[in-house]
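This report covers one protein chain. It starts at the surface and then moves to the aromatic residues.

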Amino acid sequence: MQGVLFPETANALVYLVNMPAVTDDVFLTTLRTVLPSLVFDLRTMPSFSIGRLNRFQAFDLFEELGARYLDVPGLVGAVSRSDARERF
């Protein structure tokens with residue numbers, strides 16, 4: 001994980017996580033370091049079953065950090081990858 005190059009702009013920081021390649025420890029450390037106010041999930045099939053992590057623990061952490069989770073494909077009604085491609 002790389003630190004913020006310009007910390008004074010951190011209030012407008014966008015941080016991307018490659019979920020298929022991330023470990024539970026890296027994911028948790030990233031959230032606790034970045035302290036997001038919004039989490040945009042762009043995956044058509046969101047899952048937080050990563051290592052020892054599960055969906056309940058992920059959402060507990062979002063709540064603890066005050067982060068609002070948004071399932072973007074779900075918000076626009078995309079239920080498959082082809083739906084997501086057509087809608088985005």
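Which residues make a nonpolar surface patch of about 220 Å²? Leu13, Tyr15 and Val17 make this patch. The model is a predicted one.

**The segment before helix 1**

Valine 17 sits in the segment before helix 1. Its relative accessible area is 33%, so valine 17 is partly exposed. Alanine 21 also belongs to the segment before helix 1, which spans 24–34. Alanine 21 is exposed, because its relative accessible area of 58% is over the 50% cut-off. The C-alpha atom of alanine 21 is 9.8 Å from that of isoleucine 50. Along the chain, these two residues are 29 residues apart.

**Chain overview**

The protein chain holds four helices and two strands. From the N terminus on, the order is α-β-α-β-α-α. The chain has 88 residues, and 28% of them count as buried. The accessible surface is about 6,600 Å². Carbon and sulfur atoms account for 56% of that surface. Take the contacts between residues at least 6 apart in sequence: 63% of them join residues at least 24 apart.

**Aromatic residues**

The whole structure contains seven aromatic pairs. Two of the pairs are set out here.

| Ring pair | Centre distance | Plane angle | Geometry |
|---|---|---|---|
| Phenylalanine 48 and phenylalanine 62 | 5.7 Å | 75° | edge-to-face |
| Phenylalanine 62 and tyrosine 69 | 5.6 Å | 10° | stacked |

Where do phenylalanine 48 and phenylalanine 62 lie? Phenylalanine 48 is in the loop between strand 1 (38–41) and helix 2 (55–65). Phenylalanine 62 is in helix 2. The pair therefore ties together parts that are 14 residues apart in sequence.

Are phenylalanine 48 and phenylalanine 62 buried or exposed? Both are buried. For phenylalanine 62, the relative accessibility is 2%, and the cut-off for buried is under 20%. Tyrosine 69 has a relative accessible area of 17%, so tyrosine 69 is buried too.

The rings of phenylalanine 62 and tyrosine 69 count as stacked because their planes are at 10°, and the cut-off is under 30 degrees. The planes of phenylalanine 48 and phenylalanine 62 are at 75°, so that pair is edge-to-face.

Methods:
Residues numbered from 1 in each chain as written. Predicted model: local features only at pLDDT ≥ 70, side-chain atom pairs only at ≥ 80, totals over all residues. Heavy atoms only, no water. Buried < 20%, exposed > 50% of the residue type's maximum accessible area, 1.4 Å probe, protein only. Phe/Tyr/Trp six-rings, centres within 6.5 Å; stacked < 30°, edge-to-face > 60°. Patch = residues over 30% accessible without salt bridge, like charges linked within 9 Å, V, L, I, M, F, W, Y side chains within 5 Å. Areas by Shrake-Rupley, 256 points an atom, 1.4 Å probe, with all protein chains shown as cover. Salt bridge = Lys/Arg side-chain N within 4 Å of Asp/Glu carboxyl O. Contact = heavy atoms within 4.5 Å.
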